[in-house]
Amino acid sequence: MMGKPLLYAVVLLWMMPDLSLGITYKNKGVTPATLACTSTGLVQYTDIIKLYLSSENLVVRCFFLYGSKVKENAEKTIRLLSSRGITPSITVKNSTYTGIFHFNFSKEKDQTFWKLEIPRKLITLNEDINPIQEWFVTISLQEGLETYTTEGTLLDLLREPILQWQIGRRVNHLNLHEILRNLVGIKVTRSPCANDVAIIGIQSDNTISGFYLGVTFSGFWENNDTAWYDITNNICIYNDDEACQKSSLVEIVLTNHYLVILTTLGLFISSDLRYPNGTLQFLRAEFCGFSTEDFVSARLWYKELCLANQEDFEDDYLAITFEKSRTISQMDTCFFSSAPFSKWKACRPSQRRGRRRYQGQLLSFLIDHELKNAIYLYYKKEHSFVVVREIKNNNPVTHLRYPSFVFPEDFHTVTGMNFHPGSHFLYVYGNQVWISYDGANSFEMVGNFFNDVITSSYHSSYNNDIVFLSKASNLYFSKAGLRYYTRLGRSKLDIFGVYYDHVGTETLLTLTNQSLDYIEVISAFSNASVLQVNEDSEFETILAPQYITSSQIIFFAYVPQNSSMETKKHLMFHPRHVNRKLQLISHGEADIIKVMYHEDVVGFPSSAMTIVISPFAVVSSSSSPILLSSISIHEYNKPFYLIALHTENMNSHFKNSDARKTVVIPGYSSLLILKILNNTSALALATMPLSVPLNKIFATNKWLLYYFGTTADSMWVISTSFCKHMIMHNDVNTSASIMKYLDLGSVFNFKIKVVSSLPYSVRVHKTPFLKIVVGNVFLLDITAYGYWDETDSYIVEMSVVNRYFRKGVTTIALIVWEATTDCYTSVIIITLKSSCSYSKFMCYSPKYKISIDDWEVGVHRDKTGFNLIKTLPINYRPPSPVGLYIPITDNFYNADPSLPKDRNYHPQSKKTGIYKQCLNKTSREECNCTVEQKMSQNLAFSDCIEKVLRFMYPVVQYPIFLTIKLEDSSTPMETPYFVTVSEVNNRENWKLKQEVTKSTAKIKSYLENYISGAVYNPKDLNLSITGSELYHFRVKVIPGVTFCDLVAEFQIYVDNAPYPFPGRILIGSITAVIIGGIILVVFMLEIFDIHIWESLKNLVLRRGKEPTSATSIDID
């Protein structure tokens, strides 16, 4: 009875992927989303989720889409799922953060949606205006064996810099109608960290003056969300500047902190977007010697780089190039600058006398932020080439980093270059596209477009899609890291812009008066926007198959000998065909894995190596009776061979229809029949002339006949191949782009598996599936180990160790080289920063755990009833070495400017003491102390600190627990994290006891000599205090063992302490003298029988009697 269930379980487990690897990337599904969610209350779209985070909590409502089966009775379905304990969950994540939240089970009656409220502080604690990575959200609902999943984004409206500004005068949409009639072009730019935040600029003819920009926060997906602004007065500061008023837009770039606008009048830089103060203002960058005509043809070059949590070695760089030769009055024709773009430098370093500059026009200039190099793209009539120089002190040096790379002569029209965002892939484009994996040291061709010149490239860092746009409005699609492309077709729109939103949706933007905000968004893959054309429509020739093995075939493309060069170009295989599918209309298909060229094979200048996916149809004997005969091959006039029939069947003879069919003899060269001489002979060309079986007879069942022709029954086509792999990796805590911080000595382990979906019989295991590319190989110590497992999956285990005290950033790209452009995921890019993570800090853990409620009340008693919390007096300052009541520190605690300062009597006390947060305030309420600041241990918030930990005198061997926290992990501190300990108010009467072993004593002694101070081992560190009142300690990790500035502070209040020396001795001595004196006086009075009490009594009584007069006067 248990046999079948056990068998079913085994089969199910065998069919499941290795779930221990966390995230799995498959081919992009075509099933529409079933769930929709909103945070605004209104949904104007179906399958795109756009959530927005404000200063309030995030409220999400999710429901079933219209048209889905469950939508027909949504209320009943939701009630049924809730009764089973099934509700959706929402995952919020970016490259460094992941949070999972579950919807509530309870719901109101007749409610047709799920509702979830997420406090803002659970997603982010920051509210400052700064670039921040837009989050990706995934809504999933598990019901039985079905999983409903919908993806979208979450944008922080409170922090995105450009959204905090009124960038110009608001323009009514109706006023744009006249502008659209004179539209000549549009320019689109987007926020580097939040791609849904974008700006569209209008280029109009001379009849329209001014600059008009549209700003969106939804990636243009929401109706009427684009706000239009007229920024003419922001750029033209002087209203009488007629030349400025009539200038027009050339290009716009939105960097992390600035908006840059190139006009025909010059280059304008906005004020810092992080500090909004009204209307956005612009300043003009000065370039001496350039006119309006020069700016019209100028170009901006910017590497899109998200600077969320910006490091000190990261910065935005922008360059401008002028398409002209340098004159005497001009320093250069290329200039670059870093934020804030106020100081511009010549791209080319100054040359020494007698040394000539490169002869050629400098087309493009980029900064490689991983290797700190300057990359130059030059163009000459004969050829184009790339030059790389090292950047030192923010200036390019004279000598070259690598030898110049010279492109071939057929790359005759070069237009520019661009880095793929979030990677080290550099693309150079023109009539060809080339890619460099190593920072412009070497290049490989992606595609040859001949006379169709690429003018720009558009990239998505989410799914690594790339679209190349040509002058003829042709769109070509590729994936980052791959050396293949697919032609999408020609745009049907006359004026448009290509735009990728944050989830990598490729769209064409155009302006139309049919929309409320005049923006129309069309998919780049839609027939409504692109006229799809088969780029191989002219590739119509005969193919001759040559079997190498049963699963490998080389197809030779036949080209007539008298063909022109232009005809030959269209009748050959090209590199773009690699990883595409060759399919015979009747039956059979194979994947092209390699394209080869050869000059020694007459009639076949090119060929393609393929892997057979399904067998190709062979010609039957009914259509070609020659298969019923034996054949022999003989030499003829070179390069032709004669095929002779040996037949006894009268019906078996050559027919005209046998021409252009291929004779395939296993183990020998194939022969393409070109001409029928008579019924028993034909002329043919050999695919492999050196392996032609001359003068041998092959029986009827020893040879085959194939027909790859141009007629309807023999037609073959080349199309995009299906995705043949699945990627799994073990990092489940981030989005598709992975970012890790590696401190000194940190280790990062990563495991990735590539599972092939090809049939087992056609799998080739000679070459690993993955190509690993490292951006900066000198930054980290990287070890990779690849192997095949028992399921024929390729696994790479990688270990990265930060052994060197060098800050920087590098990317590691794991490219599936067999991937096609149809694959949703073809590369995994890991960004590693050799720096301190913003989530890493040192923490002091007190011995006693006190709840927040007890801390707010100010009472927490131990077992003996002693209150462990001390509420400090108003305007309290700790004692000093001068005296207990003579504070001389500048730090106030529990400050209140409206009340007198405590112990402020001594002249030295009056001269010291400075408020921090309460400076220039009149009351404590104006100090705006938060609850966190009142409970803080940091000196910066001493004005707000009200309560501290209290101990009874003396404090002996109090343990100091120090831990390092990174994300969700906590590690006790120990060597090599040696620390220094100081008391911030310069108090004394405290000491530390530490554990010192032989292994740490030597390094401790060295460090103490190096930093001229005491160094402590944080493990088993104990504190003793013999003083009184407040002690405020600061613990700091020594430099050289971490990139982080690890600091922790804590306070201890010592109560009921005795008077300090010599107070106790003086009081005791005086008391003893007084008591001794009293005893001595009493003793002397008794010896001499002096009744001092009676004398005192008589004296008192005598003074108490009233005196009477003895004189009397008689009055008559």
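**Entry 1: Glu304.** I looked up Glu304 and found it in the loop between β19 (299-302) and β20 (317-321). Strands here are DSSP runs (E, at least two residues), numbered from the N terminus. This is a predicted model: local features need pLDDT of at least 70, side-chain atom pairs count only at pLDDT 80 or more, and totals for chains, interfaces and linings use all residues. Residues are numbered from 1 along each chain as its sequence is written, and side-chain values use heavy atoms, with hydrogens and water left out.

Is Glu304 buried or exposed? Its relative accessible area is 16%, so I noted Glu304 as buried (under 20% relative accessible area; exposed is over 50%, partly exposed in between; 1.4 Å probe, protein chains only).

I then checked its partners. The Glu304 side chain makes a polar contact with the side chain of Arg190, at 3.1 Å. A polar contact is a pair of N or O atoms within 3.5 Å; within protein, one must be able to donate a hydrogen and the other to accept it, and residues adjacent in sequence count only if both atoms are side-chain atoms. Neighbours within four places in sequence aside, Glu304 is in contact (heavy atoms within 4.5 Å) with Arg190, Pro192, Asn195 and Pro421.

**Entry 2: a six-stranded sheet.** I traced an open sheet of six strands in the order β40-β41-β44-β43-β42-β52, with antiparallel pairing. Strands pair if DSSP finds at least two bridges between them. Why does one side of β40 and of β52 lack a neighbour in the sheet? β40 (543-547) and β52 (716-720) stand at the edges, each with a single partner strand, so one side of each is left without a neighbour there.

Strands β41 (residues 552-557) and β44 (residues 606-614) run antiparallel and are joined by six bridges. Gln552 has Ile611 as its bridge partner in β44.

**Entry 3: aromatic rings.** I found 55 aromatic pairs in the structure. Rings of Phe, Tyr and Trp (its six-membered ring) pair if their centres lie within 6.5 Å; planes under 30 degrees apart count as stacked, over 60 as edge-to-face and the rest as tilted. I looked at Tyr844 and Phe1050: their ring centres are 4.3 Å apart and their planes at 20°, so this pair is stacked. Tyr844 lies in strand β61 (residues 840-845) and Phe1050 in strand β70 (residues 1047-1055), so the pair ties together parts that are 206 residues apart in sequence. Both Tyr844 and Phe1050 are buried.

Note on methods. Helices (H or I, at least four residues) and strands (E, at least two) are DSSP runs, numbered from the N terminus.
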